[in-house]
Amino acid sequence: MAAKEAAELKVLEEFLPPQMTTKEITQLIKDTAAEVGVASLQDKGKLMGKLMPQVRGKADGTVVNQLATEYLESLA
């Protein structure tokens, strides 16, 4: 059963857009943060509002959220 599901996943992945790497997401976060002028964790909503449409379908939102939080915390 697991082998069948793995084969199905492989077929489905061919039709999905490639997923962004952590490095790509981090760079996009930095670029977007500079573009919208975020300076602290309090600006996270502004950053995420601009960021999420850019990564939709290309990255897991939970990962993007975590990386954005880490980046904003590093600014403090």
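**Helix packing**

Analyst: Helix 2 crosses helix 3 in a right-handed way, where right-handed means that the near helix is turned clockwise from the far one by less than a right angle, and left-handed that it is turned anticlockwise. Helices here are DSSP runs (H or I, at least four residues; strands are E, at least two), numbered from the N terminus. This is a predicted model, in which local features need pLDDT of at least 70 and side-chain atom pairs count only at pLDDT 80 or more, while totals for chains, interfaces and linings use all residues. Residues are numbered from 1 along each chain as its sequence is written, and side-chain values use heavy atoms, with hydrogens and water left out.

User: At what angle do helix 2 and helix 3 pack?

Analyst: The angle between helix 2 and helix 3 (residues 44-55) is about 130 degrees, and their axes are 10 Å apart; axes are lines fitted to C-alpha atoms, for helices over the stretch in contact, and angles run from 0 to 180 degrees between N-to-C directions. Helix 2 and helix 3 are therefore oblique to each other, a word for whatever remains once angles under 35 degrees are called roughly parallel, over 145 roughly antiparallel and 65 to 115 roughly perpendicular.

User: Which residues meet there?

Analyst: From helix 2 come Leu-28, Ile-29, Thr-32, Ala-33, Glu-35 and Val-36, and they meet Lys-46, Leu-47, Lys-50, Leu-51, Gln-54 and Val-55 of helix 3, with contact meaning heavy atoms within 4.5 Å. This contact of helix 2 with helix 3 has 7 nonpolar, 2 polar and 3 charged residues, where Ala, Val, Leu, Ile, Met, Phe, Trp, Tyr, Cys and Pro count as nonpolar, Asp, Glu, Lys and Arg as charged, and the others, Gly among them, as polar.

User: Is Thr-32 buried or exposed?

Analyst: Thr-32 is buried, since its relative accessible area is 2% (buried is under 20%, exposed over 50%, partly exposed in between, with a 1.4 Å probe and protein chains only). The side chain of Thr-32 also reaches the backbone oxygen of Leu-28 at 2.8 Å.

User: Now helix 4: how does helix 2 cross it?

Analyst: The axes of helix 2 (residues 22-36) and helix 4 (residues 61-74) come within 10 Å and cross at roughly 55 degrees, which makes helix 2 oblique to helix 4. On the helix 2 side the contact is made by Thr-22, Ile-25, Thr-26, Ile-29, Lys-30 and Ala-33, and on the helix 4 side by Val-63, Val-64, Leu-67, Ala-68 and Tyr-71.

User: What does Ile-25 touch?

Analyst: Not counting residues up to four places away in sequence, Ile-25 touches Met-20, Ala-59, Val-63, Val-64 and Leu-67, and at 3% relative accessibility Ile-25 counts as buried.

User: And what about helix 3 with helix 4?

Analyst: Helix 3 and helix 4 pack at an angle of about 140 degrees, with axes 11 Å apart, and they are therefore oblique to each other. Their crossing is right-handed.

User: Which side chain does Thr-69 make a polar contact with?

Analyst: The side chain of Thr-69, a residue of helix 4, makes a polar contact with the side chain of Lys-44 at 2.5 Å. Such a contact is a pair of N or O atoms within 3.5 Å; within protein, one must be able to donate a hydrogen and the other to accept it, and residues adjacent in sequence count only if both atoms are side-chain atoms. Thr-69 counts as buried, at 17% relative accessibility.
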